[in-house]
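Dear colleague,

Please find below the structure I promised to pass on to you, together with its sequence.

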Amino acid sequence: MIKPERMSKLFIVGPKSTLSNVVSTLHKLKAAHFIEHKKDEYDLCSPLEQLEKTSSLLVQTRSMITHLNISGEVKETKELKLDDLEKGLTDIKENVNKHVENIKSKEDELSIISEQKKILKLLTMLDLSPSIFQNSGYINSYLGYVSDADIKEKISSITENFEIFTMQEDKKTFVALFVEAAKSEEAEVELSNANFSEIDTNSVISLKGPAKECFEGLIKNEGKMGKEIQAGKNTLKELAKKHKSYLLGTENFLSTETDKAQAPLSFGSTKETFFMSAFVPKKDIQSIRKQLQDSASGNLYFEEQKLGDAEEIPIKLNNKGYTKQFEFFTNIYSLPKYDEFDPTSLMAYTFPIFMGFMLGDVAYGIIIAALFYYLKKKFPVGSNFFNIMISAGISTMIFGILFGEVLGFEPWHGLIVRTHDFDMLMAIAVITGVVHVNFGLLLGFILEFKNHGIWQAITHKMSWVLIQIGALLFIGPLMGLVSFPELHSEIGMWVLLVGIFLLYKAEGFIGIIELPTIISHILSYARLMAVGLASVFIAVMVNQFATFLFHKGILFIPLALIALIIGQTFALALGILSPSLHSVRLHYVEFFTKFYSGGGKEFSAFGAEKEKSIL
Amino acid sequence: MAVELAIGNGLLGVGAGLALGLGAIGTGLAQQQIIPAVLGAIAEDPKMLGKGLFFILLPETLVIFGFAIAMILIGKV
């Protein structure tokens, strides 16, 4: 549990005739993490025959799912036949495409109508018929806006043969100009001098009759189109309802089949055989071998290979029950390397305790547990995180009982009264820090010892412990924090010097620079007290304010209640956010750095679905 | 004598305030640059959330120390 799942590297060779069965079995087992074969003297294996067909059907199915706007989960995957699927899908596709195209063409027409309406609306204001903008060869027509109100005079200086209609609109002038073709170029120059922005009339010139009548006709037409589109959409909805489970099931089946068909691309091959290597969990290796051998009628050859470089081995976290959900934190930090400890189970107990210690309030605890229980029911995707918060809520409740706090009030006298016993809280926080940090160093020591030998373990990890002891014995009395007889002080000095020397041996000069971090890391646990006190004092202040209002008179009672509710909600929101983040931080920064570097890559088993997370 | 004590207490109070306030300013200055960078990194790759959180919370130690010192000073008043 404290280490990631132990792995074996399995090398498999078999005749190509068994490839399809072997892949199917591997997919069913969901236990093999393929190691990609890189092309060398042996070629890559070619995909299974069905790939082309399954992937093309998959694309069609997905496009229909998008068209029909279907979403949902498939409960079980049925075995389907590709030929049946092809026929079934073609029928649905023809039906769906017919409606989709129909809707699309209607929507295109609608957008043209709305364009026409805009122009007609303008023409109605000038009382012009749209058909007069048709190109006649003798007269050129222009419709648009100009910034110059004197456009009429300017055109009249060019020619007499023109007709102009204008209307003032804000700062611009809306203008319809008809001018003899021979003078049109000069007129265009004038127009462009007046910042002419043209409105394209092509879409309306085919309409007959006055603009107003055309406009009304369009509105009728528009209503009809809208109804037809709606009818089409309703038909699609019915189709979606009818085919939902079939399409989702098909999509699921086809994507599985496509995955299977592509799998051999990670294998290597000779003319008649294929070979592959994969990481599999060590404890399952016998059953995996047996099932694979059965699927290939005993024609496979297996070899367990050396695991090789620890960095290459994929990581499958191996926690069960209560600790399992805390893998959430390990995942967002970084997966452990194969030879490192999995910090999940270590965090599973200290995270709720730290958070509970900081927040420590019976009512907040109950609210947090209830809130996250509700969220868990509502959004099962995030259940890991919500479970963590529920356990933190319970811990908050227990500490609330110890501190005697309910919503910041103190209905009973707790073991520690947080608003007074600062020193006690500080001492508990720092002692927790010493224990937690040194536990981290101990884990680091064990790892260093296992992976690099005793000397590395002593210089890299033990040195820090010596420095702490030395500092306590030597510097402690100097600062008046603790008092020991003379002798201890001298011993302390030597222990400190030995510690520093060992650290220098391990890390060089950087180690000396980093010396103060051990103190800052331990003192950092003072946040257990500080964040906690901040949360208490916010609640106490809210309560005091509400009580103050409460005693002001009967009219102020509703106000007092509102202040209490808003204030307590704010305090609770801060109380969820701040202690949880700080509790996580104490693990990530102060604890993990002592033994954990992470950076392992995830074990992704062939055939297994990716776990969904709220992130 | 009583006046001297009051001044001493006052100075302790001012010291506590400075410890917490300056710590908070320091934390704010540091986070002001860290948080946009972290948010950018998370936008690129949501897996950075864990490491990002680590960096965001790093400077909060300053204000926590300030708070601890303030508490010690207030205890002496």
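Of the 77 residues of chain B, 25% count as buried in this model, which is predicted. The secondary structure of chain B amounts to three helices and zero strands, and along the sequence these follow the pattern α-α-α. A compact globule of 77 residues would have a radius of gyration near 11 Å, whereas the value for chain B is 18 Å. Along its principal axes, the C-alpha trace of chain B spans about 65 × 15 × 10 Å. If we take the contacts in chain B between residues at least 6 apart in sequence, 74% of them join residues at least 24 apart.

Chain A has 18 helices and ten strands. Its radius of gyration is 39 Å, well over the 25 Å that the globule rule gives for 615 residues, so chain A is more spread out than a compact globule. The C-alpha trace of chain A spans about 120 × 90 × 55 Å along its principal axes, and buried residues make up 34% of the 615 residues in the chain. Among the contacts in chain A with a separation of 6 or more, 80% are accounted for by residues 24 or more positions apart. Chain A is divided into domain 1, which covers 135-204, and domain 2, which is made up of 321-452 + 514-594. The centres of these two domains of chain A, taken over C-alpha atoms, are separated by 75 Å.

Turning to where the chains meet, the contact takes 18 residues from chain A and 14 residues from chain B. On the side of chain A that touches chain B, at least two residues each are supplied by α8 (327-333), α12 (422-452), α16 (515-523), α17 (527-550) and α18 (557-591) of chain A. Of these, α18(A) gives the most, with five residues. By class, that side of chain A has twelve nonpolar, three polar and three charged residues.

The crossing of α2(A) and α3(A) is left-handed. From α2(A), the residues K53(A), T54(A), L57(A), Q60(A), T61(A), M64(A) and H67(A) take part, and they meet L82(A), L85(A), E86(A), L89(A), I92(A), K93(A), V96(A) and V100(A) in α3(A). Sorted by class, this contact of α2(A) with α3(A) has eight nonpolar, four polar and three charged residues.

Finally, there are two backbone details to pass on. Most residues other than glycine have a negative phi. K30(A), although it is not a glycine, has a positive phi of about 50 degrees, and it lies in the loop between α1 (19-29) and β2 (33-35) of chain A. K30(A) counts as exposed because it has 11 C-beta neighbours inside 10 Å, where 12 or fewer is the cut-off. D127(A), which is not a glycine either, has a positive phi of about 60 degrees and is found in the loop between α3 and β4 (139-146) of chain A. With 10 other C-beta atoms within 10 Å, D127(A) is exposed.

With best wishes

Technical notes
Residues numbered from 1 in each chain as written. Chains lettered and ligands numbered in written order. Predicted model: local features only at pLDDT ≥ 70, side-chain atom pairs only at ≥ 80, totals over all residues. Contact = placed C-beta atoms within 7 Å. Helix = DSSP H or I, 4+ residues; strand = E, 2+ residues; numbered from the N terminus. Nonpolar A, V, L, I, M, F, W, Y, C, P; charged D, E, K, R; others polar. Domains from an automatic or database assignment. Left-handed = near helix turned anticlockwise from the far one by under 90°. Rg over C-alpha atoms; globule rule 2.2 N^0.38 Å. Buried ≥ 20, exposed ≤ 12 C-beta atoms within 10 Å, placed from the backbone.
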